[in-house]
Amino acid sequence: MPDDNFRESIDGIDLKDALALAAYIEQMLMAEQQWILNRLSWLFTSQSFLITAFVVLLSSGNHSPTAHLLRIALPLLGLFCCVTVAIAIRAAEGVRKPLGNRRALLSMHINDIVNIPKLVPALGSSKALRDNPWTWRQGSLPHIVLPWAFAVLWLLLLMSLGL
């Protein structure tokens, strides 16, 4: 349901129903946030093991065919992990954005009902529905940038191997 239709659908609801709906949307937002946090945690754990294994392998001086294969396979696995986590986080963001806008519309509706303009802050995903628009983008930087930063690291390591 687009946000305009959502705005029209909440126009007639009372404070109790608006609060209940806001609480439900907040639960869904927290679930998506937990998915993002779990994915980032898994990414950092996997990357620490892969980077450690790669450094140990490089410093071992082992020139066997298996070691050579691992020198290529570890960065490829690291790169694959980074890309899949980045895609999964983007999917969670796709769910979070409309939910954030709906939460903001409900906040505005609650403020209108109680006739206090800033009682509940607007924390939507779009600029128009957020009291401090800069906080959305800057707050999202770690889970947007870090998977790609690790991916670039793995690409650079692959290139340093002469591939």
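This is a predicted model: local features need pLDDT of at least 70, side-chain atom pairs count only at pLDDT 80 or more; totals for chains, interfaces and linings use all residues.
Reader: Let's turn to charges. What makes Arg-103 and Glu-26 a salt bridge?

Author: Their side chains come to 3.0 Å, N to O. The cut-off is 4 Å, so the pair qualifies as a salt bridge. Side chains of opposite charge can pair when their charged atoms come close.

Reader: Which parts does that pair tie together?

Author: Arg-103 lies in helix H3 (residues 65-114) and Glu-26 in helix H2 (residues 15-60), so the bridge links parts that are 77 residues apart in sequence.

Reader: Why is Arg-103 called buried, and why is Glu-26 called partly exposed?

Author: Arg-103 has a relative accessible area of 17%, and buried means under 20%, so Arg-103 is buried. Glu-26 has 27%.

Reader: How many salt bridges does the structure hold, and where do Arg-96 and Glu-93 lie?

Author: There are two salt bridges. Arg-96 forms one with Glu-93, and their closest N and O atoms are 3.5 Å apart. That is within 4 Å, so the pair meets the cut-off. Both residues lie in helix H3, three residues apart, about one turn of the helix.

Reader: Are Arg-96 and Glu-93 buried or exposed?

Author: Arg-96 is buried, with a relative accessible area of 9%. Glu-93 is buried too, at 6%.

Reader: On to the nonpolar residues! What makes a nonpolar core, and which residues have the most contacts inside the largest one?

Author: A core joins buried nonpolar residues through side-chain atoms within 4.5 Å. The largest has 17 residues, and those with the most contacts inside it are Leu-43, Leu-50, Leu-74, Cys-82, Ile-89 and Trp-154. Helices H2, H3 and H4 each supply at least two residues of this core, and H3 gives the most, with eight. In soluble globular proteins, nonpolar side chains tend to be buried together.

Reader: What does Trp-154 touch?

Author: Not counting residues up to four places away in sequence, Trp-154 touches several residues, among them Gln-47, Phe-54, Pro-75, Gly-78 and Cys-82. A second, separate core of 13 residues includes Phe-6, Ala-104, Ile-110 and Ala-122.

Reader: Which residues make the nonpolar surface patch, and how do you know that Val-145 can belong to a patch?

Author: Leu-141, Ile-144 and Val-145 make a patch of about 210 Å². Val-145 sits in helix H4 (residues 134-160), with a relative accessible area of 41%. Patch residues need over 30%, so Val-145 passes that cut-off.

Reader: And why is Ala-53 called partly exposed?

Author: Ala-53, in helix H2, has 33% relative accessibility. That lies between 20% and 50%, so Ala-53 counts as partly exposed. Ala-53 and Leu-74 are 21 residues apart in sequence and 7.9 Å apart in space, C-alpha to C-alpha.

Conventions:
Residues are numbered from 1 along each chain as its sequence is written. Side-chain values use heavy atoms; hydrogens and water are left out. Helices (H or I, at least four residues) and strands (E, at least two) are DSSP runs, numbered from the N terminus. Buried means under 20% relative accessible area, exposed over 50%, partly exposed in between (1.4 Å probe, protein chains only). Patches are made of residues with over 30% relative accessible area and no salt bridge: like charges are joined within 9 Å, nonpolar side chains (Val, Leu, Ile, Met, Phe, Trp, Tyr) within 5 Å. Accessible areas come from the Shrake-Rupley method with a 1.4 Å probe; for residues, only the protein chains shown count as cover. Contact means heavy atoms within 4.5 Å.
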